[in-house]
Amino acid sequence: EEGLFRVSGNRRIIDQLRNEYDHYGKADLTAISDISVVTSVFKMFFRELPAPLIIDEVSQEILLASEDRTLTTADLVSKIRTHCKTLPSVNYAVLKYLCGFLNEVGQQEADTKMSDSSLAIVFGPNLFRIKNDLEALQRQPAITKSMGCLITYHKQIFPEREVIYSEVMKSGGVLHPSV
């Protein structure tokens, strides 16, 4: 049996939901009985954002830290936390929520068939976007390691208990490529 985010949903239904969202600003997922459609739309959302959730400057710093073999896990988590704090507030809030959600999915591995490392493999390329295909392939281990840290250590990386709603709404609730 495949993991929760591993199976692609019905392309026709996914396209229909996408068109609905593009035209009306929302898509009704309540009538969808195929979880693979919902998970495919979820992944597609992050993959197709006009600018990546983890903006390029922050992404590069996190990947460099993940490639530094001299860092302990605790040091890496600390560096990732420091770099994440420089994200625009909306991006930070969404990343915090996403990593918490993915951690919950990973904790339910017996049911979801997805460990933190499996989730990192699936979501890493959607959040750490590398434009050059060869470089993306070469940096895949760092992408997976970075995403795995974000998921596994999300409580240390995002220690705040609440998303500051007013900060998110100041920007109109829109993800921005930079501040």
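Helix H1 (residues 11-24) has 14 residues and spans 20 Å from its first C-alpha to its last, close to the 20 Å expected at 1.5 Å a residue. The expected span is 1.5 Å times one less than the number of residues in the helix. Helices (H or I, at least four residues) and strands (E, at least two) are DSSP runs, numbered from the N terminus. The model is predicted: local features need pLDDT of at least 70, side-chain atom pairs count only at pLDDT 80 or more, and totals for chains, interfaces and linings use all residues. Residues are numbered from 1 along each chain as its sequence is written, and side-chain values use heavy atoms, with hydrogens and water left out.

**Overall fold**
- The protein chain has 11 helices and 0 strands, which gives the pattern α-α-α-α-α-α-α-α-α-α-α along the sequence.
- Of the 179 residues in the protein chain, 41% are buried; buried means under 20% relative accessible area, exposed over 50%, and partly exposed in between (1.4 Å probe, protein chains only).
- Taking contacts between residues at least 6 apart in sequence, 74% join residues at least 24 apart; a contact means heavy atoms within 4.5 Å.

**Ends of H1**
- At the start of H1, a side-chain oxygen of Asn 10 comes to within 2.9 Å of the backbone nitrogen of Arg 12.

**Helix H2 and its packing**
- H2 (residues 35-47) has 13 residues and reaches 18 Å from its first C-alpha to its last, close to the 18 Å expected at 1.5 Å a residue.
- At the start of H2, a side-chain oxygen of Asp 34 lies within 2.9 Å of the backbone nitrogen of Ser 36.
- The buried residues of H2 are Ser 36, Val 37, Thr 39, Ser 40, Val 41, Lys 43, Met 44 and Phe 46, and the buried residues of H2 pack against H1, H5 and H7.
- The axes of H2 and H7 (residues 116-127) come within 8 Å and cross at roughly 35°; axes are lines fitted to C-alpha atoms, for helices over the stretch in contact, and angles run from 0 to 180 degrees between N-to-C directions.
- H2 contributes Phe 42, Lys 43, Phe 46 and Arg 47 to this contact, and H7 contributes Val 122, Phe 123, Asn 126 and Leu 127.

**Tyr 92**
- Tyr 92 sits in helix H5 (residues 89-107) and is buried, with a relative accessible area of 13%.
- Not counting residues up to four places away in sequence, Tyr 92 touches Cys 84, Lys 85, Leu 87, Ile 157, Phe 158, Pro 159 and Glu 160.
- Tyr 92 and Phe 158 are 66 residues apart along the chain, with 8.8 Å between their C-alpha atoms.

**Cysteines**
- The count is 0 disulfides, where a disulfide is a pair of cysteine sulfur atoms within 2.5 Å.
- The cysteine sulfur closest to that of Cys 99 is in Cys 84, at 7.3 Å, too far for a bond.
- Cys 99 is buried at 0% relative accessible area, and Cys 149 is buried at 7%.

**Lys 113**
- Most residues other than glycine have a negative phi.
- Lys 113 has a positive phi, near 60°.
- Lys 113 lies in the loop between helix H6 (109-112) and H7 and is partly exposed, with a relative accessible area of 36%.

Technical notes:
A polar contact is a pair of N or O atoms within 3.5 Å; within protein, one must be able to donate a hydrogen and the other to accept it, and residues adjacent in sequence count only if both atoms are side-chain atoms.
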